[in-house]
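Colleague: I have a complex open on my screen and would like a walk through it. Can we start with the strands?
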Amino acid sequence: MKLVKAIIKPFKLEEVKEALADIGIEGMTVTEVKGFGRQKGHTEIYRGSEYTVDFLPKVMIEIVVDDADAEKTTDAIVKAAKTGKIGDGKVFVLPVETAIRIRTDESGAEAL
Amino acid sequence: MKIKKFLLALLLGSSAFLMAGSLGAQELPVEEVADAVEAVADAIPFEDAYAAFMETPGAAFFTISNLWLLISAALVFIMHLGFATVESGLGQAKNTVNILFKNVFIICMGILTYALWGFNAMYPGDAWSIGGFFAMGSWFDVTASVDLMTSAYADYTWYTDFIFQAMFAATAATIVSGAVAERVKLSSFMIFATLLVTFAYPITGSWQWGGGWLAEKGFYDFAGSSLVHAFGGFAALACVIILGPRAGKYIDGRIKPILGHSMPLATIGVFLLFLGWFGFNGGSVLNADPFLVSLVFVTTALAAAAGGLGAMFTSWIFLKKPDLSMSLNGILAGLVGITAGADSIMPFWAILTGLIAGIIVVFSIIFFDKIKIDDPVGAISVHGICGIFGTLAVALFSGAATFGVQLIGTLSIGAFAFIFSLVVFGLIKVVMGVRVSAEEESEGLDVGEHGQEAYPDFGASSR
């Protein structure tokens, strides 16, 4: 099993979710995060004083999938989340040791 | 430590003693009494005399005026909700409960202390202790009589007078609460606010509305640009000087903005204040005269609108972007600016008054930040600086008073509030401190002072 962790631009979430549904991936967890990579922040001004905002709002999607599905999952995410402009985000794949469905106590691949 | 506790006990004890003494005495200020009504009052019980009065033609205007004043009192009351929301919106999420708590305390304390002391201290009639300058307070309630509950008293009853003025008194303290937010110690603030509203506010109020020395000089402050707003603004300035800025606001000569956590709340607050101001100014006509009340509604609204636009475009031109919080302050600046002359400054000049106030407030806010006076909501600029301007505007844009007397009036009221606050807040600082610890300030006053969070779920909070 693999954990696919993707950090994308917030407005791309719906598109990514639909792209994943199209390839049969329907469960995911989504978190609102802030961060930056090479994308510079921007300057804001509040009551006359300027300040830089380095941390930009992003959305983090986490999905645990079968090893066999990992590649098509990452492909779908990359394609749907890409705008071509800086700050599009990143996708990571990590190994998963255990998965358990709480309601039924199933574990392993059946839990996904 | 013992000396400090003794001094604090002395301070609180003497105040309580003064107020307890006032409860025993029932002093009725002597007002103008229509001869016919006086003759009736001597002979007939109140209920009958009152019923007889209500049959007279004059009772119609009296009833409508009285009703208008009561509605205005309710509108001024709504301003407290406005203050609560604008202050919490411009503060950080972690301090929201504390800001709200201070505002809840102020309205409760304000009405009660005004009943116990302030009303009679502010309107002594002939019962001055130091003629024209100071009068002792006392319990406000009276035995109902036609002298006090019919047009023999005014175009409204004694009770209406009390409740309308009580709502004003509490707004003076709430001006301070915004400026000291996010680092003031709760108990210290509660003590200071009580003393300010109970004792200081009625003193300056008596100078003008109570018929004191400023009234005799021809000073003109229709609804309180000086008596409420400059008073509160300069009290706030003194407190902020003693309190110091929020941690991390001024670092290495740079100003680091501390963002308000809810612009929707701040906007709701300002609109509520705007709504309440129709009562604040409209009720200050002190009757339901169609011409005057309608004129005041118009000048009030025009000044508010011009203040909003003035601040909007000033921030756009000089600060690169149109700033919402500055625009909100601009509306308030326009309202404060017109408050002294809403019934004497004609509509065209009311627009100019509001516009200038809106422009002034932007530069004032920036100025105070530059000299490291940290005011999270801009209260010192909106109420203090624009309160002075609004008072002077009466001389500049209407013929109701001379520039000289307006200047004397506004400066003496501002100075009194400033010095009183410097002394009292300074004393409180020496005795018990006025600031939360650095750790509590960074964790948030909600948890530190109240053991509560405004937003306990995942959401707006960040530490």
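Predicted model: local features only at pLDDT ≥ 70, side-chain atom pairs only at ≥ 80, totals over all residues.

Colleague: What stands opposite A:Lys5 in E5(A)?
Modeller: A:Glu62 stands opposite A:Lys5 there.

Colleague: How many bridges join E1(A) to E6(A)?
Modeller: Seven bridges join E1(A) to E6(A), and that pair is antiparallel. Within E6(A), A:Gly89 is the bridge partner of A:Ile8.

Colleague: What about E3(A) and E4(A), how do they pair?
Modeller: Strand E3 (residues 42-46) and strand E4 (residues 49-53) of chain A pair in the antiparallel sense over five bridges. A:Ile45 has A:Glu50 in E4(A) as its bridge partner. The hairpin of E3(A) and E4(A) has two residues between the strands, and A:Arg47 takes a positive phi near 50 degrees in that hairpin.

Colleague: Why does A:Asp105 count as exposed?
Modeller: A:Asp105 counts as exposed because it has 8 C-beta neighbours inside 10 Å, and the cut-off for exposed is 12 or fewer.

Colleague: Over to chain B. What does its secondary structure come to?
Modeller: Chain B has 18 helices and two strands. Of its 463 residues, 55% count as buried. Among contacts in chain B with a separation of 6 or more, 79% are between residues 24 or more positions apart.

Colleague: And the largest nonpolar core, which residues touch the most other members?
Modeller: They are B:Val176, B:Leu196, B:Phe231, B:Ala235, B:Ala236 and B:Cys239, in a core of 140 residues. Helix H7 (residues 158-179) of chain B gives the largest share of this core, 14 residues. Nonpolar side chains tend to be buried together in soluble globular proteins.

Colleague: What does B:Leu196 touch?
Modeller: Leaving out residues up to four places away in sequence, B:Leu196 touches B:Ala173, B:Val176, B:Tyr201, B:Ala235 and B:Ser421. There is also a second, separate core of eleven residues, including A:Ile8, A:Val16, A:Ile61 and A:Ile63.

Colleague: Where is B:Gly132?
Modeller: B:Gly132 is in the loop between helix H5 (96-122) and helix H6 (146-149) of chain B. With 17 other C-beta atoms within 10 Å, B:Gly132 is partly exposed. Not counting residues up to four places away in sequence, B:Gly132 touches B:Gly212, B:Trp213 and B:Glu216. B:Gly132 and B:Gln208 are 76 residues apart in sequence, with their C-alpha atoms 8.9 Å apart.

Colleague: Next, H13(B): mostly covered or mostly uncovered?
Modeller: Mostly covered, with 15 of its 16 residues buried. Helix H13 (residues 324-339) of chain B reaches 23 Å from its first C-alpha to its last, close to the expected 22 Å.

Colleague: What lies in the loop between helix H12 and H13 of chain B?
Modeller: B:Lys320 lies in that loop, with helix H12 (290-318) on one side. B:Lys320 is another residue other than glycine with a positive phi, near 75 degrees. B:Lys320 counts as exposed, as it has 12 C-beta neighbours inside 10 Å.

Colleague: Last topic: what confidence values go with it?
Modeller: The predictor gives the complex an ipTM of 0.79 and a pTM of 0.88. Chain B has a mean pLDDT of 92, and 89% of its residues reach 70 or more. Residues 24-33 of chain B have a pLDDT below 50, and this stretch has 19 contacts in the model beyond near neighbours in sequence.

Conventions:
Residues numbered from 1 in each chain as written. Chains lettered and ligands numbered in written order. Helix = DSSP H or I, 4+ residues; strand = E, 2+ residues; numbered from the N terminus. Expected span 1.5 Å × (residues − 1). Buried ≥ 20, exposed ≤ 12 C-beta atoms within 10 Å, placed from the backbone. pLDDT = per-residue confidence, 0-100. Contact = placed C-beta atoms within 7 Å. Pairing = 2+ DSSP bridges. Core = buried A, V, L, I, M, F, W, Y, C linked by C-beta atoms within 7 Å.
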